[in-house]
Amino acid sequence: METYDEECLEVFLEKQLQLFREEVVSNLEEAEAFLEDCMAVVCQNLKEVKAYFEEAGMDISGMSDQEIEEASEVFPLPDGRYLIVEG
């Protein structure tokens, strides 16, 4: 089971509307429960994000690094990691 630190929770809480039409969580505790329920993944770098998408069967071969970072399910974290949340 993935563990989500406060940085992951705060970024998801703040930017959840990039993936969902309406807010799905309203506080850090709800954010943690939601991320656990949907089995969100924390990647250490963009290389791991690409590997995750490839393993999931997504064709990202024509996508630039910027396009991958801007995907609605990718939440860049301030420390350089990425949170991937599949809606």
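This is a predicted model: local features need pLDDT of at least 70, side-chain atom pairs count only at pLDDT 80 or more; totals for chains, interfaces and linings use all residues.
Local features need pLDDT of at least 70 and side-chain atom pairs pLDDT 80 or more, while totals for chains, interfaces and linings use all residues. Residues are numbered from 1 along each chain as its sequence is written, and side-chain values use heavy atoms, with hydrogens and water left out.

The protein has 4 helices and 3 strands, in the order α-α-β-α-α-β-β from the N terminus. Helices (H or I, at least four residues) and strands (E, at least two) are DSSP runs, numbered from the N terminus. Some values for the whole protein follow.

| Property | Value |
|---|---|
| Span of the C-alpha trace along its principal axes | about 35 × 25 × 25 Å |
| Accessible surface (Shrake-Rupley method, 1.4 Å probe) | about 5,500 Å² |
| Distance between the centres of the positive and negative side chains | 7 Å |

Carbon and sulfur atoms hold 45% of the accessible surface. There are 5 positive side chains and 24 negative ones, counting Lys and Arg as positive and Asp and Glu as negative, without His and the chain ends. Each charge is placed at NZ of Lys, CZ of Arg, CG of Asp or CD of Glu.

Of the 87 residues, 33% are buried (under 20% relative accessible area, with a 1.4 Å probe and protein chains only). Ile60 is buried too, at 6% relative accessible area. Beyond its neighbours within four places in sequence, Ile60 contacts Lys50, Phe53, Glu54 and Ile68, where contact means heavy atoms within 4.5 Å.

How values were computed:
Buried means under 20% relative accessible area, exposed over 50%, partly exposed in between (1.4 Å probe, protein chains only).
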